[in-house]
Amino acid sequence: MKKFMLINSPIFWDSTKENEQYLSPLGLGYIATYLEKINDIDVEVVDCVKDRKSVQDIISYIDKTKPDFVGINIFTQNYELVKNIVESIHVNCKCFIGGQAVKSIYRKILNWNVSNTLNIIIGEGEFIIPQIVSENCSQEPEEQMDSKYVYRVNMNSIYFPRDISNIFLNRKYLGNEIIINHYGEKEVAIITSRGCMFDCAFCGGARSLNRDVTIRIRTEESVIKEIHEILSTYPDIQSVRILDDLFLRNSKSIDMANHIFSQFTQLSWRGMVHVLSLVNAIEKIKELRVGGCKELFIGIESGSESVRKRINKMGSSNDIIKVSQEILRNGIDLKGYFIYGFPKETKEDFQKTFELAKELKKFSLRTEGTFRTSVFQFRPYDGTQLYNEIMQDTGIIQNCQFNETISKFKGRSQFNFDFGNYSLESDEVLNEYILKTQRLAGE
C-alpha cells in the first residue's frame, strides 16, 4: 500500500509551546477524503499547527515515514518555511503544493530546487489530485519546468467542484478537531460556500482576482446533513462555527440559517457576516438570536472613509455602527476585525478606526451582547491589489518578520508577522494603535 502524507504547513520555524488560536484544515480534509477512494492508498494528515511541529520536525518525519506522496499547503506568510521543507525532502516521492497563494506565486515555485516531481495545484484539489496520483488525469498541465507541473482548476477544468453540496468530508482525517471556544464550549467548524462576492483590495479571495471560478453555495439539506454527521461523531458537541463569508449573505439566507439550526436546539452557532448583508435586513437580526446565533464576526478593518474607499471595503462606518448596535442590542455577541497600517494611512485614519472600535465597545457595555476586537497589522499578500500597488510604487515588499512589540496577547503569535510598515506613520505609532485596540477585547 502506498502512503500519501498531507501536511498543514507550520507557521513558525521552531516548535512553540504557545496555545495558538486554531482552525481545522478543512481543505486538506476534503482532499484526504477523496484520496481514500483510490485503492491501496493510505492517507495521513499531519497538522503542524495543532501539533506545534517545527520545520525540522516535519522534514525528519517525512524522512522517517518515507511516504510515496507528500502534499502541503502554502501561504504568503510561511513561503520560506514551505520552500525549505519541499527542497529538503530526501526520500523519493511525488510532491503536491496548493493553497490560495499558489495562484500568484506559482512561477516562483517553478524555480525551487527540488529533485522530486512537484505538482503545483492552482485552485481546489480534491478531484484532480486523486487522478494525478492514480495516473488517470486527463487534464494536461498548463506549464512544465523540468519535473514541475502546473495544473489550474477553474471553471474550464473537468475537475472543478461545481456542486459543493455533494462533496463529502470524512472528519476522521482532522484528528481531534474539537476546539474549546472562548465560551468554554466544544466546537466544530464547517464551510457552507466557496468563493466571495466582495472585492477587498487586501484579500487573495477578492472577486476581481478570481473571475475564473464561480461562487458556490451549499443547499440547506447539505448543511443539515453535515451537522447530523457531526453530532453522530461528536454527540457532546455544543457549538458550530461557520467559516465562510456567505452563509449570511442576504435576508433569504438568514431565514435558511434559522431553519437549519432550529433543528439543532442543543447547539449554538457562530459565523462571519458582511455588514452589507445585514444593513438592508436589519429587522432580521433579532431572528438570528432566536435561531441560536451566539456570536457574529465582522471584518470592519477601518473607521476611516478614505481608507475604506482605497481598500474597496463596501459599507460605511455608519452602516457598521447601525448593524453592530442592532446585533449587540439583540443579545448576540460581536467580534470586529481591524487592520492598521494600510498603504499611506495616517495617524488621523488610525484614530478614526480606534474611535469606532471604542464606540462599539462602549455601546456593548449597555447591552446583553458583548463586543471584542481582533487586530492585525496590514500584510500585503501576493497578487492582491494592494500588493501590486506597493510593488508598482516601491518595487519591493519587505521580508516577513515577527513583530515582538505587538505580541502581548495569548494565542495570537501567528497573527503578529509583518512585511513592513506601509503607512505614513512610524512603527511606534502603528504598534500603539494595534495594542490599544486589541486591549478593548479584554475591557
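Helices and strands are taken here as DSSP runs, a helix having at least four residues and a strand at least two, and both are numbered from the N terminus. The model is a predicted one, and in it helix 3 (79–87), helix 13 (385–394) and strand 17 (401–402) each contribute at least two residues to the lining of the second largest pocket. Among the contributors to this lining, helix 3 gives the most, with three residues.

The volume of the second largest pocket is about 420 Å³. Its lining comprises 22 residues, of which Thr76, Glu80, Asn399, Cys400 and Phe419 are the closest to the pocket centre. The composition of the lining by class is set out below.

| Class of lining residue | Number in the second largest pocket |
|---|---|
| Nonpolar | 14 residues |
| Polar | five residues |

Taken along the principal axes, the box filled by the C-alpha atoms is roughly 60 × 55 × 40 Å.

Of the 443 residues, 58% count as buried, while the chain exposes about 19300 Å², with carbon and sulfur atoms supplying 48% of that area. When contacts between residues at least 6 apart in sequence are considered, 77% of them join residues at least 24 apart.

Notes
Residues numbered from 1 in each chain as written. Predicted model: local features only at pLDDT ≥ 70, side-chain atom pairs only at ≥ 80, totals over all residues. Heavy atoms only, no water. 1 Å grid on protein atoms, 1.4 Å probe; cavity = no way out; pocket = protein on both sides within 12 Å on 5 of 7 lines; lining within 4 Å. Points joined across faces, edges and corners; volume = space filled by probe spheres on them. Nonpolar A, V, L, I, M, F, W, Y, C, P; charged D, E, K, R; others polar. Buried < 20%, exposed > 50% of the residue type's maximum accessible area, 1.4 Å probe, protein only. Contact = heavy atoms within 4.5 Å. Areas by Shrake-Rupley, 256 points an atom, 1.4 Å probe, with all protein chains shown as cover.
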